[in-house]
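Please keep the sequence and the structure open while you read.

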Amino acid sequence: MAQYRTFTAADAIQYARQHVGWDDASALVDAQEVGDGNLNLVFRIVDHQGVSRVVVKQALPYVRCVGESWPLTLDRARLEAETLRAHSQHCAEHTVKILHHDPQLAVMVMEDLSSLHIWRRELVQGRYYPQAAAQLGHYLAHTLFHTSDFWLHPHEKKAQVVRFINPEMCEITEDLFFNDPYQKHQRNRYPSELEDTVALLRNDDQLRTAVAALKHRFFSQAEALLHGDLHSGSIFIGEGQLKVIDAEFGFYGPIGFDVGTAIGNLLLNYCGLAGLLPPREAAEARELRLQDVKIVWRQFEHQFLTLAVEKTNDDALAWSGYAPLFLQKVLADAIGYCGTELIRRTVGMAHVADLDTIRDDAMRSACIAQAIHLGKALILAAPHVAHVNDFIARIRQYG
Ligand SMILES: Nc1ncnc2c1ncn2[C@@H]1O[C@H](COP(=O)(O)OP(=O)(O)O)[C@@H](O)[C@H]1O
Ligand SMILES: CSC[C@H]1O[C@H](OP(=O)(O)O)[C@H](O)[C@@H]1O
């Protein structure tokens, strides 16, 4: 069994050659380290023509963007590969293909998606992909339904919950989403002129109660195998194509968390657009983003309901009145988690290019303030929103 060592580019090439399972694996001759996320090494393995053919990703024993002072479990590579494989069983068309993985080396070899584009980069440039929102809704419905109690036998479901226990990665989310932004913490980062706005988050009793309830459900509601960090930087996009990567935060949690973080990232873009594009283009792009939000929810809801009617295995859950009631609760959760994503990406440690790349300082602060206000309003409104049209109306009101 191979002992863990951090890969060099040469290691990554050799490893790819051994594990891609191609006759022409010797054509893999060079590697470029392209990791731009917070956590891991990512090598694109290229051929003689410089064309990227396959990707090797390895977990480091610490958080990459911080360094060795923040150690982190290598088991996240196993969880990432196994979550992506599980999701691929139910939604292969929108999940990156894992070709090989080794839990000891914390490494995986996967399909190369370099011909597509990271969605966040496209959103920041104002480029629109009309099919993306519906495909994201499809991905959410199929991965979440088929890993839930609606589909899995109760014994299988419980075994899956155990297999995907992910305490260290969940703890990062528990701290970064639900603790740090609502207290003074050295990890927080926001413009100093927003100190009063941020202080209001710490001092709002109703908000703190709502955030506690969202965290409690994140701890305790093992509804489905979540991606766990479904943001637009973890989604590749192209003409008619959408593929999800980077599932190391995968675990059994509340379905609304995946739906809400995905929508939250569309709304972070919505808040940033005024600082990213000229006024007329920004206004048009903001309308498209609201349309995207509506489509993600509607597709998810429609497809989950259809799957529930056609495929629910459990006798009680198959009762016709139950799935719509369950989805009401998922919508409320999703709006709440969407609000926490807006706040943790603006006040907390991990930021997004949709806001950070705004060049004008005053405009950047104004857009960040808007995201914080919207996040807070959504967390408070979540239990009272009965329909997606009401959700959109609240975004227009507060964003
Ligand atoms: N399958 C892939 N094909 C092509 N590029 C990839 C692939 N997976 C990751 N990348 C590149 O590596 C970057 C970081 O990958 P990611 O999985 O987000 O790392 P991290 O876990 O550190 O966040 C992505 O933004 C993308 O540019
Ligand atoms: C200390 S990890 C911070 C942050 O980074 C992760 O994102 P990614 O793996 O895509 O870079 C995740 O969102 C964590 O909350």
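1. Start with E248. Leaving aside its neighbours within four places in sequence, E248 is in contact with R76, L79, E80 and M169. Contact here means that the two C-beta atoms, placed from the backbone, lie within 7 Å. E248 sits in the loop between strand 11 and strand 12 (251-253). E248 counts as buried, because 27 C-beta neighbours lie inside 10 Å. The cut-offs are these: buried is 20 or more other C-beta atoms within 10 Å of a residue's own, exposed is 12 or fewer, and partly exposed is in between.

2. A word on the basis. This is a predicted model: local features need pLDDT of at least 70, side-chain atom pairs count only at pLDDT 80 or more, and totals for chains, interfaces and linings use all residues. Residues are numbered from 1 along each chain as its sequence is written, while chains are lettered from A and ligands numbered from 1 in the order in which they are written.

3. Confidence. The protein chain has a mean pLDDT of 97, and 100% of its residues reach 70 or more. pLDDT is the predictor's confidence in each residue, from 0 to 100. For the complex, the predictor gives an ipTM of 0.99 and a pTM of 0.98.

4. The annotated positions. An unreviewed UniProt entry places the feature "binding site" at N40, K57, E111, D112, L113, D246, A247 and E248. UniProt positions follow the numbering used here, feature names are shortened, and annotations may be inferred rather than shown by experiment. D112 lies in the loop between strand 7 (107-111) and strand 8. D112 is partly exposed, with 18 other C-beta atoms within 10 Å.

5. Ligand 1. Which residues come nearest to ligand 1? They are G37, N40, V42, L113 and D246, out of 20 residues around the ligand. A residue is near if its C-beta atom, placed from the backbone, lies within 6 Å. Strand 2 (40-46) and strand 7 each supply at least two residues of the shell. By class, the shell has nine nonpolar, six polar and five charged residues. Ala, Val, Leu, Ile, Met, Phe, Trp, Tyr, Cys and Pro count as nonpolar, Asp, Glu, Lys and Arg as charged, and the others, Gly among them, as polar.

6. A second listing. For "binding site", UniProt also lists D229 and R344, in an unreviewed entry. They span 116 residues in sequence, yet no two of their C-alpha atoms are more than 12.5 Å apart, so they gather at one spot. D229 is in the loop between strand 9 (224-226) and strand 10. D229 is buried, with 24 other C-beta atoms within 10 Å. Beyond four places in sequence, D229 touches S234, D246 and F249. R344 belongs to helix 11 (residues 322-344). R344 is buried too, with 25 C-beta neighbours inside 10 Å.

7. An open sheet of three strands runs in the order 8-10-11, with antiparallel pairing. Strand 8 (117-118) and strand 11 (241-244) stand at the edges, each with a single partner strand, so one side of each has no neighbour in the sheet. Strands pair if DSSP finds at least two bridges between them. Helices (H or I, at least four residues) and strands (E, at least two) are DSSP runs, numbered from the N terminus. H117 stands opposite I237 in strand 10.
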